[in-house]
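This briefing goes through one protein structure by topic. Please keep the sequence and the 3D view open while reading.

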Amino acid sequence: MRESGMNADIAKLINYNEAGLVPAIAQQYDTGEVLMLAWMNSDAIQETLETNRVCYWSRSRKKLWRKGETSGNCQKLIEFRFDCDDDTILMFVDQTGPACHTGRPNCFYHAVQDGQVSVISEPA
């Protein structure tokens with residue numbers, strides 16, 4: 001666990017949940033498109049701030065997950081923000097390739113339209 005320097009001080013400002021995680025929203029910096037929501041812990045925040053490459057905590061794998069480490073679809077950090085309650089992260093990123101593991105541009109491709117769920121985006 002990382003615990004030194006300015007990035008550690010920033011990570012200490014965050015209010016994590018009981019599992020030591022905080023929700024993190026990734027938004028494309030130049031278009032405003034909301035790409036995905038994932039989770040970060042203190043180490044993921046510190047690594048992201050140190051490298052400017054977004055790193056999350058994978059709840060399923062129970063380890064740090066560097067976005068794009070297997071797919072090549074990386075997220076370069078442009079700006080890091082957190083909300084008024086210090087319990088949600090918003091990152092403006094430059095996304096390379098699709099953000100969603102399904103191959104879609106973003107993870108929000110289910111839309112409720114006329115009382116029905118529609119798929120509004122297909123994999124690239």
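Which residues does Met40 touch, not counting residues up to four places away in sequence? In this predicted model, Met40 touches Tyr16, Gly20, Leu21, Val22, Ala24, Ile45, Thr48, Cys55, Tyr56, Trp57, Ile89 and Met91. Met40 is also one of the residues with the most contacts inside the largest nonpolar core.

**Nonpolar core**

- The largest nonpolar core is made up of 23 residues.
- Within this core, the residues with the most contacts are Met36, Met40, Ile45, Tyr56, Phe80, Ile89 and Met91.
- Two or more residues each come from strand S1 (22-28), strand S2 (34-40), helix H2 (42-51), strand S3 (55-58), strand S4 (63-66), strand S5 (75-82) and strand S6.
- Strand S2 supplies the largest share of the core, with four residues.

**Strand S1 and its partners**

- Six of the seven residues of S1 are buried, so this strand is largely enclosed by the rest of the structure.
- S1 pairs with S2 in the antiparallel sense, over six bridges.
- Five residues lie between the strands in the hairpin of S1 and S2, where Gly32 has a positive phi near 85°.
- S1 also runs parallel to S6, and five bridges join the two strands.
- Ala26 stands opposite Met91, a residue of S6.

**Helix H2**

- Eight of the 10 residues of H2 are buried, so the helix is largely enclosed by the rest of the structure.
- The buried residues in H2 are Ser42, Asp43, Ala44, Ile45, Gln46, Glu47, Thr48 and Leu49.
- Asn41 caps the N-terminal end of H2, with a side-chain oxygen 3.2 Å from the backbone nitrogen of Asp43.
- After H2 comes Asn52, which has a positive phi near 60°.
- The side chains of Ser42 and Gln46 make a polar contact at 2.9 Å.
- Ser42 and Ile78 are 36 residues apart along the chain, and their C-alpha atoms are separated by 19 Å.

**Aromatic pair**

- How many aromatic pairs does a search of the whole structure find? The search finds one.
- This pair is formed by Tyr56 and Trp65, whose ring centres are 5.2 Å apart.
- The planes of the two rings are at 35°, so the pair counts as tilted.
- Tyr56 and Trp65 are both buried.
- Tyr56 is also among the residues with the most contacts inside the largest nonpolar core.

**Arg104**

- Where does Arg104 lie? Arg104 is in the loop between strand S6 (89-95) and strand S7 (110-113).
- Is Arg104 buried or exposed? Arg104 counts as buried because its relative accessibility is 10%, under the 20% cut-off.
- Leaving aside neighbours within four places in sequence, Arg104 is in contact with Pro98, Ala99, Tyr109, Val119, Ser121, Glu122 and Pro123.
- With Tyr109, Arg104 lies over the face of the ring, at 3.8 Å from the ring centre.

Key: Residues numbered from 1 in each chain as written. Predicted model: local features only at pLDDT ≥ 70, side-chain atom pairs only at ≥ 80, totals over all residues. Heavy atoms only, no water. Buried < 20%, exposed > 50% of the residue type's maximum accessible area, 1.4 Å probe, protein only. Contact = heavy atoms within 4.5 Å. Core = buried A, V, L, I, M, F, W, Y, C linked by side-chain atoms within 4.5 Å. Pairing = 2+ DSSP bridges. Polar contact = N/O pair within 3.5 Å; in protein donor to acceptor, adjacent residues only side chain to side chain. Phe/Tyr/Trp six-rings, centres within 6.5 Å; stacked < 30°, edge-to-face > 60°. Lys NZ or Arg CZ within 6 Å of the ring centre and 35° of its normal.
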